[in-house]
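Hi,

Here is the structure I promised to pass on. Have a look at it first, then read my notes below.

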Amino acid sequence: MSLTSQKIEAILRVICDTAFIDGIDVYATPEDAVETVIRKYSPIPLDDENLSNLKREFESRFYIAQVEGSSIIDDYEHPSDWYTKLRESGSYIDDFFWKRYKDYLIRDEGLNVNVVNVLDYNILPALMNYIGNPSAKEEFSRRGLIIGDVQSGKTSTYTGLICKAADAGYKIVILLTGVTETLRSQTQERIEQGIIGQTITGLKNEKTPNGAKRQWVGVGRYDKRLVATAMTSIEYDFVGNIDKRLTISLETNKLVLFIVKKNVKVLNKLYNWLYESNADSSSGKINFPMLMIDDESDNASVNTNKEEDDPTRTNEIIRKLLKIFRQNSYVGVTATPFANVFINPDSKEEMLGDDLFPRNFIYALTPPTNYIGASSIYTDNGKYADSLVYIHDVDEPEEPIDRSVYTNDEGFFYKHSKEWHGILPDSLNDAIYCYFLTNVIRILRGDGSEPMTMMINMSRFVKVQKYVQEYVSDFYHRIFNTIRIDFSDNDRENINLQLYKSFHRCWTHYFKNIVDIDWEQVSKKSNLLQGVEDVQVLVVNSSKTSEKLDYTKNKSLRVIAIGGLALSRGLTLKGLVISYFYRNTATYDVLMQMGRWFGYRRNYDDLFRIWISRQSAEWYRDISEATEELKGEIGKMREAELTPNDFGLRVRDDSDDLGITARNKMRYTSNHIEQLSYWGRVFDTPYLSSDPIRCKNNTKVTKDFINKLIIAGHGFKKQNMDNRMLYLSRDVPSWNIKLFMDLLTIHKSNIHFDTEQIAKFIEDSNTDLPRYDVVLIEGEQDGYEVSRHIDKIKPVSRGFDITNERININKRRGRLTSPSDAKQGLIASQIDSAKEQAVMDGWNGIQTLPRETWFKYVPDRNPLLMIYFIKLKSDENAAQKENEFIDGMGGELNVGFAIGFPASSTGIKADKHLYRVNRVYERQANQEDESIEE
């Protein structure tokens, strides 16, 4: 019989403790010795199944890699290092808060020891140096930003920062938690568990107002010293009856915390109480150091009004709160920093001069290797790419729907009315079936006491959410009653039941990867009943009628959560295993925050599934790449010693359907000037003109270019790289490449492959980059003659579609190159050296290295021009315009390009090329406001 996760946890603790007595450090146990250690020190005999489960848990604890992040700061000549000096000086620091929290993370939260140690010794000390020194005599006002990934552990990071800040002398902490009470209450619970150690419930019981219950939780279960006070509770924000009882002085407490919503009334009430009860009468300032953590700081905090108008009220009151403290540090925390970096850093007016732009530091966290993020799901070779299930049974109309004449009993589309009550997609039923099957599997694996959650996010309208709830609730009860009444304990008698067939169809279609559990186990009536029983169907939104996800009262909560905006922005859905997502939100940040399926899936990462439209999946891929590029820039800018003021302009904007962030958060980017450095980067042409004449002209120009190189003595020779024999011409003078760029006509959608800018860069960098390599990338198609001087080449094959008078190579994925193409022209020693550098920068040795690797880490290579002769392929469902284009080419092939430049020690600062991108406003104009639920 499988051991429960709690028993496995208990056994693991015994193993660690008894091995320690014998002088064995389990943290340093080699992987090939894990089984020996487990068998020797386990308090009970283990069969093969439980041994395997214990090994998996052991390895998840001790063999997860974590590296510290990268940061840019405001002063590199005199960096702030007060905390490092304080620790090195030998001065006594009572690490009371941090020691308790560190033990709690490892013991209760099950965090990997390596991850916690990197947090302790690298990440948090760096952040402490960046905020103000609470022991300093002078006033200070620090502004910073932490960039993490969705559901990656940002809460643990800022909770740890609060702990170390309190240990160092910070007395006041204001934690801004977003705009919903659900999220605020969840954050309050985490702070009580990680810092305070005690929770208070029963405050809302009007019949027994003095019957509030206090309970030790989290860190308080091991150390009951109560030295931190919260002015809020799980049940109450800083509002209502609770704050009428506040006669507490800040001076009498070691640490005082306020966990509050970003709500104007709440923040005004907090400001008034702080000012009236604690400010110095002469200066009007509070003389205690204050740390403000702004969780989801891109939401509701950013000033979204024009500079000449009053700032938005939330933004204004946040800045008023900061200004009443002599010493204040503001740290924004977000996974979608687009709005933050668009804050105007040069506001001139008195009020606007202290806006929340992270002028002192930006720190980009790197998630642990067991984190499941967008890149592992949505990229071509992502580890969890098979977890995606595309929604095919919603046939969106080609033209936008006029909701004023839309029939509410029709099928479900992206655009629907507030009153919609039509036919839901059949794919939703499959998702629900799979949710029940995953529950069964988790129970059979011994995780029956863990929370199990399904998320349905289809509409921002409250009435539609309620309608979906009614449908799902009815569907659930029919399934439950059918199993309970109609199913037999004899499995063979069930095979003709329709529900049995539906379960079996979903099992064979969606769970082919499951090998430790078989269908015979899953399909037993007793097991199915356990997987289906006690499931709640709840609507979670920002309305007053919203239901609550209470994982505190019910640690084994099983829930199908239906909602919109509230199912994003920091809310954690514990045990989320099935997601059904059908939304067309307009911006990077909102869409990314809706991805509640990112995070950690210990013992069920092979089970989680995401029902999603193909379009949304492609958007997530675009967002993932844009975000990673944004974070990657921080590392480059650190090397170049650039400051946060240099950071805000460069955000990738390749999607034609998505904007970066809300329109009113980008008012300082009206020109959309992008500074783009060519050094150490690769650029390609994933888009072609849909005009056959232009395409054929590019093909002719390219063939002429190849022939001229050969005639001039720059012949092409076959080179073997990664078992690919490709034609390569080495050491071509740079002026040849410049002239070639001048002759090409590249579609304007390839904004990073601007031949005029590239030609100028080639000319300007001629001294440093006098010679280029040129490679003809080949595929598997029939031979094609590009020159009579060399053998026929094999063109590459790519799918395509046509939108907005352009060809999208690989359809909407917009991808021409593969990472290995960029290795052409390198020698073995250069490849090995690049891999070593990548490992030092955090590469785990498993994931495919990106194409930039072969330029960023090989500064002594030639630039590389990659030429692709492309045979575009259409399928039987191709639109008429695709077929007409192929006919217009008359059998001639298309040609695409990529060009890569090696890194330069001076290039980042010296060579920047500006692009003006005006399309974002146009894309936003007709989009719905996703910040409102109606």
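Which residues do ring pairs link into a cluster? They are Tyr 678, Trp 679, Phe 683, Phe 761, Tyr 772 and Phe 901.

Before you go on, two bits of housekeeping. This is a predicted model, so local features need pLDDT of at least 70 and side-chain atom pairs count only at pLDDT 80 or more, while totals for chains, interfaces and linings use all residues. Residues are numbered from 1 along each chain as its sequence is written, and side-chain values use heavy atoms, with hydrogens and water left out.

Now the rings. A pair of aromatic rings is described by the distance of the centres and the angle of the planes. Rings of Phe, Tyr and Trp (for Trp, the six-membered ring) pair if their centres lie within 6.5 Å; planes under 30 degrees apart are stacked, over 60 edge-to-face, and the rest tilted. Searching the whole structure turns up 43 aromatic pairs. Take Tyr 476 and Phe 480: their ring centres are 6.2 Å apart and the planes are at 25°, so this pair is stacked. Both residues sit in helix α13 (residues 462–486), 4 residues apart, or about one turn of the helix. Tyr 476 and Phe 480 are also both buried (under 20% relative accessible area, with exposed over 50% and partly exposed in between, using a 1.4 Å probe and protein chains only). Helices (H or I, at least four residues) and strands (E, at least two) are DSSP runs, numbered from the N terminus.

Next, the sheet. Its 6 strands form an open sheet in the order β11-β16-β15-β12-β14-β13, with parallel pairing. Two strands pair if DSSP finds at least two bridges between them. The edge strands are β11 and β13 (535–540), each pairing on one side only.

Strand β16 (residues 609–612) is worth a click: Arg 609 and Trp 611 on one side, and Ile 610 and Ile 612 on the other, are all buried. β16 pairs with β11 (residues 388–390) over 3 bridges, and Tyr 390 has Ile 612 as its bridge partner there.

Cheers
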